[in-house]
Amino acid sequence: MNTRKITYTALGAAVICVLAPLAVPVGQVPISMATFAVMLMAALLGKSMGTAAALVYMLLGAAGLPVFASYKAGISVLLGPTGGYVIGYLFLAWCTGFGSEKGKWQLVAGMIGGTAILYLFGTVWFVLVTGMDVMGALAVCVIPFLIGDALKMAAVFALQNALFRIRHMVRADSRG
């Protein structure tokens, strides 16, 4: 990685660290801004830097910085019932970033596919840690989040397009 990519990755991780702790506790799995932050950074940075930003976020939280949902921190979060979702952010970032590198509608497909993998990984982890049956876990971990995650995807789509248009206008202006 060159200096520019390292800087963008660090900024992406910082944005995730600021937004991800914002959460509404609703049972064992909170509604947080983490999925939005991960998708937005991956949509803007692409698969490599977006995934690296999500990894830095995850490592900072594991090291003890309170960046996980509801300002939680530590390896215990990764090993707990919601740890599979935190690890699943890596898959979400990669799929979203991959889609964003291909085009607008591929971004949407990437976010949907990444979210499906996130749900799968996180729910399997949740079942293994809690011993809850799969249908119960889906009722707790997936179904309540579908509409909110769809709204987050729509916001990321709109923001990514708006930010890219602004970037192109700034570049055009700077060229004279």
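**Note on the predicted model: a lysine contact, the nonpolar core, a pocket and some local features**

1. The side chains of K152 and T35 are joined by a polar contact of 3.0 Å, a value that, like the others in this note, belongs to a predicted model. K152 has its place in helix 7, which spans residues 146–175, and with a relative accessible area of 12% this lysine is buried, since the cut-off for that class is under 20%. When neighbours within four places in sequence are left aside, the residues in contact with K152 are S32, T35, F36 and M39.

2. How many residues make up the largest nonpolar core, and which of them have the most contacts inside it? The core has 43 residues, and those with the most contacts inside it are I16, Y57, F68, V86, Y89, M111 and V156. Two or more residues are given to this core by each of helix 1 (3–19), helix 2, helix 3, helix 4 (83–102), helix 5 (104–130), helix 6 (134–141) and helix 7. Helix 2 supplies the largest share, with 15 residues. As general background, nonpolar side chains in soluble globular proteins tend to be buried together.

3. F68, one of the core residues with the most contacts, can be followed individually through its list of partners. Not counting residues up to four places away in sequence, F68 touches A20, P21, Y57, M58, G61, A62, A73, G74, V77, L78 and V86. Among these partners, Y57 and V86 are themselves named with F68 as having the most contacts inside the core.

4. The loop between helix 2 (34–62) and helix 3 (75–79) contains S70, and Y71 is found in that loop as well. S70 has a positive phi of about 60° although it is not a glycine, and for Y71, likewise not a glycine, the positive phi is also about 60°. For context, most residues other than glycine have a negative phi.

5. Sorted by class, the lining of the second largest pocket has 17 nonpolar, 8 polar and 3 charged residues.

6. Is F91 buried or partly exposed? F91, which is found in helix 4, is partly exposed, with a relative accessible area of 35%. With its neighbours within four places in sequence left aside, F91 is in contact with G114, I117 and F121. The C-alpha atoms of F91 and T115 are separated by 8.2 Å, the two residues being 24 residues apart along the chain.

7. M135 lies in helix 6 and is exposed, with a relative accessible area of 61%, which is placed in that class because the cut-off is over 50%. Between the C-alpha atoms of M135 and P81, which are 54 residues apart along the chain, the separation is 16 Å.

Key:
Residues numbered from 1 in each chain as written. Predicted model: local features only at pLDDT ≥ 70, side-chain atom pairs only at ≥ 80, totals over all residues. Heavy atoms only, no water. Helix = DSSP H or I, 4+ residues; strand = E, 2+ residues; numbered from the N terminus. Buried < 20%, exposed > 50% of the residue type's maximum accessible area, 1.4 Å probe, protein only. Polar contact = N/O pair within 3.5 Å; in protein donor to acceptor, adjacent residues only side chain to side chain. Contact = heavy atoms within 4.5 Å. Core = buried A, V, L, I, M, F, W, Y, C linked by side-chain atoms within 4.5 Å. Nonpolar A, V, L, I, M, F, W, Y, C, P; charged D, E, K, R; others polar.
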